[in-house]
Amino acid sequence: MRRYLVVADEALGGEWVLDAIRQRLHDGPCRFHVVVPAASPGDPLYAGADDAIAVAARHLDAVLGRLHAAGILATGEIESAEASVTVTGELRSGHFDEVILPTLEDRRLTT
């Protein structure tokens, strides 16, 4: 079974997550681990760290809810605001066949 690490950034997330996952489902049995980075405490979009964690938790719940509703095996967690730190830590702790990460180009495709 292939394992995928998905970084579902709130700012860049959206339909791209589900599209990327759907594409990988065609390759056979797979499992996904979704990581949502919490915004840094200095991020002007959030009043503070607690708010950023709450926003990340809601985003993670929404992503996992959609995946589970579609019958997709997925787990998830909230991590550090820095995607590079998140990915590095996750790669050290487990084996993944691929990392799915948002880019600014993906943001333009989100409706």
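Q: Why is D19 called partly exposed in this predicted model?
A: D19 has a relative accessible area of 36%. Buried would need a value under 20% and exposed a value over 50%, so a residue in between is called partly exposed.

Q: What makes the contact of R22 and D19 a salt bridge?
A: The side chains of R22 and D19 come to 3.2 Å, N to O. The cut-off is 4 Å between a side-chain nitrogen of Lys or Arg and a carboxyl oxygen of Asp or Glu, so this pair qualifies. Both residues lie in helix α1, three residues apart, which is about one turn of the helix. R22 is partly exposed too, at a relative accessible area of 40%.

Q: How do you know that E98 and R24 form a salt bridge?
A: Their closest N and O atoms are 2.6 Å apart, and the limit is 4 Å, so the pair counts. This pair links distant parts of the chain: E98 sits in strand β4 (residues 98-100) and R24 in helix α1, 74 residues apart. In total, the structure holds two salt bridges.

Q: What makes Y4 and F32 a stacked aromatic pair?
A: Their ring centres are 5.1 Å apart, with 20 degrees between the planes. Y4 is in strand β1 and F32 in strand β2, 28 residues apart. A search of the whole structure finds one aromatic pair.

Q: How do you know whether Y4 and F32 are buried or exposed?
A: Y4 has 1% relative accessibility, and F32 has a relative accessible area of 1%. The cut-off for buried is under 20%, so both residues are buried. F32 is also among the residues that touch the most other members of the largest nonpolar core, which has 21 residues.

Q: What makes L67 a contact partner of I21 and V34?
A: Contact means heavy atoms within 4.5 Å. L67 touches L18, I21, V34, I72 and A74, leaving aside residues up to four places away in sequence.

Q: Why is L91 called partly exposed?
A: L91, in helix α3 (residues 83-93), has a relative accessible area of 41%. That value lies between the 20% and 50% limits, so L91 is partly exposed. Together with V99 and L101, L91 makes a nonpolar surface patch of about 220 Å².

Note on methods
Residues are numbered from 1 along each chain as its sequence is written. This is a predicted model: local features need pLDDT of at least 70, side-chain atom pairs count only at pLDDT 80 or more; totals for chains, interfaces and linings use all residues. Side-chain values use heavy atoms; hydrogens and water are left out. A nonpolar core is a set of buried Ala, Val, Leu, Ile, Met, Phe, Trp, Tyr and Cys residues joined through side-chain atoms within 4.5 Å. Buried means under 20% relative accessible area, exposed over 50%, partly exposed in between (1.4 Å probe, protein chains only). Patches are made of residues with over 30% relative accessible area and no salt bridge: like charges are joined within 9 Å, nonpolar side chains (Val, Leu, Ile, Met, Phe, Trp, Tyr) within 5 Å. Accessible areas come from the Shrake-Rupley method with a 1.4 Å probe; for residues, only the protein chains shown count as cover. Helices (H or I, at least four residues) and strands (E, at least two) are DSSP runs, numbered from the N terminus. Rings of Phe, Tyr and Trp (its six-membered ring) pair if their centres lie within 6.5 Å; planes under 30 degrees apart count as stacked, over 60 as edge-to-face and the rest as tilted.
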